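Please read them with the structure open beside you.

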Amino acid sequence: MLLGNGAFLFTNDRQRMKNDLKYMKRAISLAKRGAGWVNPNPLVGALLVKDDCVIGEGYHEFFGGDHAEVNALKGISPDLVEGSTLYVTLEPCAHVGKTPPCSKLIAEKKIARVVIGMTDPNPLVNGKGVAFLQSAGIKTEVGLMEPQVTELNEHFIKYITTQLPFVLLKTAMTLDGKIATVTNASRWITGEQSRKMVHLLRQHLGAVMVGVNTVEYDDPLLNIRLKGTWKNPLKVIADTKGRIPLEAKVLVNDPQLTIIATTEQADSHKLKQIERTGAQLLICPLKNGMVDLGFVMRSLGTMGIDSVMIEGGSTLAFSALDEGVVDKVVNFIAPKILGGHSAPTAVGGVGIEKMENAIKLSRLRTRKVGEDLMMEGWIDK
């Protein structure tokens with residue numbers, strides 16, 4: 001009898017865990033819908049379940065909007081909510097911010113159990129939401145699918161704990177490591193699907209950054225050109241001497257979303273001309289003869305920019321890696337070969353002299369994107 005009961009209980013526990021994973025996966029997928037719209041807030045999804053039926057779901061939809069828990073509860077009768085289980089990717093808040101505290105709302109609605117992906121690293125919340133729920137007699141469990149939820153909010157986690165943006169270095173190159181031909185022709189290295197992926201990345205991050213050489217050679221728009229409604233990122237141009245052409249597309253088409261990170265080496269008259277286009281100037285100190293990227297990132301963090309994608313070129317890529325500002329690398333490799341000693345590579349600069357000093361990546365992942373190979377990894381700091 002005891003064995004039978006024990007086996008029955010084990011089966012029930014296993015089924016509950018299976019259900020918990022299923023519902024948390026759904027909460028994570030809901031959270032992803034807010035990508036690019038909630039910055040610098042976290043991506044959060046919530047699911048309300050009773051008697052193994054989903055009775056409500058929601059996510060944090062835009063900055064300043066209702067939290068995921070509130071959206072999941074909308075339109076549901078109190079009787080139905082009472083005794084239910086709430087699955088939420090991030091610890092419910094316990095403080096008054098732009099919205100009332102969600103933990104108090106959960107208690108008022110008499111939710112019986114709360115399953116949380118991870119605690120909120122925000123010092124205003126960290127652990128306080130869990131403590132409030134537990135003090136209210138609500139069964140609270142933390143850490144389900146925590147690695148996945150942590151990666152989901154890696155931008156937010158770095159920003160809220162350091163006030164520095166999460167930095168992604170994106171490169172695109174041929175099989176032999178070239179980003180352009182010997183004549184600097186670079187359109188298109190990668191295929192259409194990879195280019196669409198880059199536009200999605202632009203939507204997810206707060207800013208994109210390129211060096212002035214890229215502006216001179218490619219004259220990029222650095223915006224999002226996909227069907228539907230998208231939020232264009234801030235554009236940051238690293239331009240030590242103020243060389244950017246006044247007719248550059250980023251100054252002509254979208255100057256109010258453009259920052260020129262320059263130095264006192266730039267001609268003051270040229271800087272006034274840049275300002276007259278409507279672009280912003282960020283005067284930076286020099287580091288190794290170029291814009292100090294650490295200063296740039298600290299400044300962007302002060303502006304509320306939680307994430308930056310560095311898109312090019314090779315000199316900027318090396319400087320960012322060398323200064324230690326990069327957190328993650330995404331590399332698209334096209335099945336093409338260009339050759340040429342003078343053809344530029346994805347990472348240029350002065351380079352690293354000793355193999356033991358090579359910048360290492362961990363948690364490498366690869367996948368096919370159209371005809372290309374996409375590799376991503378995190379800088380081993």
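1. Helices here are DSSP runs of H or I with at least four residues, strands are DSSP runs of E with at least two, and both are numbered from the N terminus.

2. On provenance, this is a predicted model, in which local features need pLDDT of at least 70 and side-chain atom pairs count only at pLDDT 80 or more, while totals for chains, interfaces and linings use all residues. Residues are numbered from 1 along each chain as its sequence is written, and side-chain values use heavy atoms, with hydrogens and water left out.

3. As for the overall picture, the chain has 13 helices and 16 strands, and its C-alpha atoms fill a box of roughly 80 × 45 × 40 Å along the principal axes. Of the 381 residues, 50% are buried, where buried means under 20% relative accessible area, exposed means over 50%, and partly exposed lies in between (1.4 Å probe, protein chains only). When contacts (heavy atoms within 4.5 Å) are taken between residues at least 6 apart in sequence, 71% of them join residues at least 24 apart.

4. The accessible surface of the chain comes to about 18700 Å², and 55% of that surface belongs to carbon and sulfur atoms; the areas come from the Shrake-Rupley method with a 1.4 Å probe, and for residues only the protein chains shown count as cover.

5. To return to helix 7, which spans residues 154-162, seven of its nine residues are buried, so this helix is largely enclosed by the rest of the structure. The buried residues are E154, H155, F156, I157, K158, Y159 and I160. One of these, E154, also belongs to a network of salt bridges that links it with E151, K328, R365 and E376; a salt bridge here is a side-chain nitrogen of Lys or Arg within 4 Å of a carboxyl oxygen of Asp or Glu.

6. The search of the whole structure finds 15 salt bridges. Among them is the pair E311 and K170, whose closest N and O atoms are 3.9 Å apart. Because E311 lies in strand 13 (residues 307-312) and K170 in strand 6, this pair ties together parts that are 141 residues apart in sequence. Both partners are covered: E311 is buried with a relative accessible area of 15%, and K170 is buried with one of 10%.

7. Other salt bridges involve partly exposed residues. The side chains of D66 and K74 meet at 2.8 Å, N to O, with D66 partly exposed at 32% relative accessibility and K74 partly exposed at 49%. K139 forms a salt bridge with E141, with the closest N and O atoms 3.9 Å apart; here K139 is partly exposed at 44% and E141 is partly exposed at 23%.

8. D254 deserves a separate look. This residue lies in the loop between helix 10 (249-252) and strand 9 (258-262), and it is buried, with a relative accessible area of 14%. Its side chain makes a polar contact with the side chain of K235 at 3.0 Å, a polar contact being a pair of N or O atoms within 3.5 Å in which, within protein, one must be able to donate a hydrogen and the other to accept it, and residues adjacent in sequence count only if both atoms are side-chain atoms. Leaving aside neighbours within four places in sequence, D254 is in contact with N232, K235 and K249.

9. The bond from N39 to P40 is cis, with omega near 0°, and P40 is found in the loop between helix 1 (2-31) and strand 1 (45-50). The bond from R187 to W188 is also cis, with omega near -5°, and W188 is placed in the loop between strand 6 (166-174) and helix 8 (192-204).

10. Positive phi values occur in residues other than glycine. L222 has phi near 60° in the loop between helix 9 (212-218) and strand 8 (234-238), and L222 is buried at 2% relative accessibility. N288 has phi near 55° in the loop between strand 11 (286-287) and strand 12 (290-291), but N288 is exposed, with a relative accessible area of 62%.
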